[in-house]
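Dear colleague,

I am passing on the model we spoke about, with a short account of what came out of going through it. Please look it over before reading my notes below.

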Amino acid sequence: MYKFVAVILVSLVALSAATNVKKCKNGQPFPLSVEVEGCSQPPCDVVKGTTAVMDVHFVGTKNNLSSLNAKVRATALGITVPYELPEDVADVCSNLLDGATCPISKDEDVVYKFNFYVDSYYPEIPVAVEVSLNDENDESVACFICDIKVKKGASN
C-alpha cells in the first residue's frame, strides 16, 4: 500500500514540474513528460551563451534499443533547419539519468538529460525546437516541440 502511495506522489510531483510541450506533426511517439528547467509554460526563455536543460521522460517503444540519438530541427520565421548537436549531447544512451543504461527494453521508462547550448550568435527571435530521439534505424522513439524565445544575456 505504501509503495502505491509513493508512486502516486512521485508521479504527481513529476507532472507538476512538466513543461507544456507539443506533439510532433508526423505522429511520432510523445514522451511521458518534458521538463525544461525554469519553464512550465512556453515560450521558454533561453539566454545566449548558456545551456538550456531539458529532462525528457520517455518509454522504450521496442526491445533492445541499444543506440539512440537526439535530432533537433529549429523553425523560425517559417524556415525549418536541422540543428547539429555535439556528439556527446546527441548520444541519448550516455545521458540517461537515475542509473539507466542502454539497451532499453520495450515499455521501460527512462529520462534523458538534454543540454541544449544556446550560441551567442543566435538571433533574438521565437523558435520552435523539435527534438526527436531516434533509434539505430532512424525511427523516432519520442518526439516533442518546445517553443523558445532567445534572449540576450548580461554579457551579450
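Why is the disulfide of Cys-24 and Cys-143 left-handed? The torsion about its S-S bond is about -85°, so the link has that hand; please bear in mind that this is a predicted model. The sulfur atoms of Cys-24 and Cys-143 lie 1.9 Å apart, and the pair ties together distant parts of the chain, with Cys-24 in the loop between strands E1 and E2 and Cys-143 in strand E9, 119 residues away. Cys-143 is buried at a relative accessible area of 0%, and Cys-24 also counts as buried, at 7%.

The count of disulfides comes to three. Cys-39 is bonded to Cys-44, with the sulfurs 2.1 Å apart and a left-handed torsion of -75°, while Cys-93 is bonded to Cys-102 at 1.9 Å, left-handed with -85°. In sequence order, the bonded cysteines pair as 1-6, 2-3, 4-5. Cys-146 takes part in no disulfide, the nearest cysteine sulfur being that of Cys-44, 3.9 Å away.

Beyond its sequence neighbours within four places, Phe-116 is in contact with residues including Val-72, Tyr-83 and Ile-148.

Finally, the second largest pocket holds about 260 Å³ of space, and its lining consists of 15 nonpolar residues, with no polar and no charged ones. Strand E6 gives the most to that lining, with four residues.

Best regards

Technical notes: Residues numbered from 1 in each chain as written. Predicted model: local features only at pLDDT ≥ 70, side-chain atom pairs only at ≥ 80, totals over all residues. Heavy atoms only, no water. 1 Å grid on protein atoms, 1.4 Å probe; cavity = no way out; pocket = protein on both sides within 12 Å on 5 of 7 lines; lining within 4 Å. Points joined across faces, edges and corners; volume = space filled by probe spheres on them. Helix = DSSP H or I, 4+ residues; strand = E, 2+ residues; numbered from the N terminus. Nonpolar A, V, L, I, M, F, W, Y, C, P; charged D, E, K, R; others polar. Contact = heavy atoms within 4.5 Å. Disulfide = S-S within 2.5 Å. Buried < 20%, exposed > 50% of the residue type's maximum accessible area, 1.4 Å probe, protein only.
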